[in-house]
Amino acid sequence: MRVENIEARFIVAARTHVARDKDVREYLKGACLSWRNGHVILTATDCHTLIACRVAEGVDQFAPVILPSDLLKKIGANKGPVTCEINVTDSATHIVLEQGYATYRGLALDGCYPNWVCLVPSECSGENAQFNGALLGRMHESFCALHSIKRDQTERHPHLYHNGSKPAVVDMEDEDVVAIIAPRRVPTDQPEQPAIPAWLGK
């Protein structure tokens, strides 16, 4: 199976959301390339944030394949489109990524990727929630990769649609991208009000 002309920005944006090395769920340490309703989708999640990018269409249906993060990290943001070739053998699933004159080879990760579609809410309640600042930073990093802008710019940023205790939708200003972020679980021992220092004189 071969998917051509994948925009590198989608890969760069997605790899920000794969699970970290310390995660024991090996299948989350990569991005899943899958087929859905005639579209090829690249999805990455660590179960706290998720991004799904429509990267191609017009490809025959195929079984989901998890591309390892080590392979994704080799793709350059400004080095042209990417071709992904997948060859399944009796012993393993072989992946070849081509970008420009470079060719990168690796093996697909084992495991069953989460059914991410069921996690995306059809609507948001608007109820406010708290979010982990580091996770919001990942969303901003992906947003900048998608739109080829510097991370320190402040003119453009993703928009968050609050959804109470359920996943919130993040508008990445791209019709080919869906992103969600899980709200922060507030510790039960956290005070209801912040501690304002006495020296402030409030």
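A: Start with a term: a residue is buried under 20% relative accessible area, exposed over 50% and partly exposed in between, using a 1.4 Å probe and protein chains only. This is a predicted model, where local features need pLDDT of at least 70, side-chain atom pairs count only at pLDDT 80 or more, and totals for chains, interfaces and linings use all residues. Residues are numbered from 1 along each chain as its sequence is written, and side-chain values use heavy atoms, with hydrogens and water left out.

Q: OK, what share of the protein chain is buried?
A: Of its 202 residues, 42% are buried.

Q: How many helices and strands does the protein chain have?
A: There are three helices and eleven strands. Both are DSSP runs, numbered from the N terminus: helices are H or I with at least four residues, strands are E with at least two.

Q: In what order do the elements run from the N terminus?
A: The order is β-α-β-β-β-β-α-β-β-β-α-β-β-β.

Q: New topic: what does the C-alpha trace span along its principal axes?
A: About 70 × 35 × 30 Å.

Q: And contacts, what percentage join residues at least 24 apart?
A: The figure is 62%, among contacts between residues at least 6 apart in sequence. A contact means heavy atoms within 4.5 Å.

Q: Where is Ile 196 found?
A: Ile 196 lies in the segment after strand S11 (177-181).

Q: Is Ile 196 buried or exposed?
A: Ile 196 is exposed, because its relative accessible area is 52%.
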